[in-house]
Amino acid sequence: METITIQVDSEIAKAYRETKPEKQQKIAMFLNVMLKKAINQKPLLDIMEEASQ
């Protein structure tokens, strides 16, 4: 995986920084799936299956 930087509201950034690493990892996985969907326009189920592998 690679790291990118995106802009978010300051309250989102603060909440993310203050959350536990396990939850940050779950958020990152969720965002990865959503970004793939937005870019590839594949069905969400297909993307979720790929992510789980």
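A salt bridge here is a side-chain nitrogen of Lys or Arg within 4 Å of a carboxyl oxygen of Asp or Glu. By that rule, one salt bridge is counted. The model is predicted: local features need pLDDT of at least 70, side-chain atom pairs count only at pLDDT 80 or more, and totals for chains, interfaces and linings use all residues. Residues are numbered from 1 along each chain as its sequence is written, and side-chain values use heavy atoms, with hydrogens and water left out.

**View 1. The salt bridge of lysine 14 and glutamate 18.** The two side chains meet at 2.8 Å, N to O. Both residues sit in helix H1 (residues 10-18), four residues apart, so about one helical turn separates them. Helices (H or I, at least four residues) are DSSP runs, numbered from the N terminus. Lysine 14 is partly exposed, at 45% relative accessibility. Glutamate 18 is exposed, at 56%. The cut-offs: buried is under 20% relative accessible area, exposed is over 50%, and partly exposed lies in between (1.4 Å probe, protein chains only).

**View 2. The largest pocket.** A pocket is an open set of points on a 1 Å grid over the protein atoms alone, where a 1.4 Å probe fits, with protein on both sides within 12 Å along at least five of seven lines; lining residues have an atom within 4 Å of a point. The volume is about 770 Å³, taken as the space filled by probe spheres set on the points, which are joined across faces, edges and corners. The lining has 21 residues, and Ile4, Ile6, Tyr16, Ala28 and Leu31 lie nearest the centre. H1 and helix H2 (21-40) each supply at least two lining residues. H2 gives the most, with eight. By class, 13 lining residues are nonpolar, five polar and three charged. Nonpolar covers Ala, Val, Leu, Ile, Met, Phe, Trp, Tyr, Cys and Pro; charged covers Asp, Glu, Lys and Arg; the others, Gly among them, are polar.

**View 3. A nonpolar patch on the surface.** Its members include Ile4, Val8, Phe30, Met34 and Leu44, and the whole patch has about 1,000 Å² of accessible area. Areas come from the Shrake-Rupley method with a 1.4 Å probe; for residues, only the protein chains shown count as cover. Patch residues have over 30% relative accessible area and no salt bridge, and nonpolar side chains (Val, Leu, Ile, Met, Phe, Trp, Tyr) are joined within 5 Å. H2 contributes the largest share, five residues.

**View 4. Leucine 44 and isoleucine 47 in helix H3.** Leucine 44 belongs to H3 and is partly exposed, at 32%. Isoleucine 47 lies in H3 (residues 44-52) and is buried, at 1%.

Terms used. Patch = residues over 30% accessible without salt bridge, like charges linked within 9 Å, V, L, I, M, F, W, Y side chains within 5 Å.
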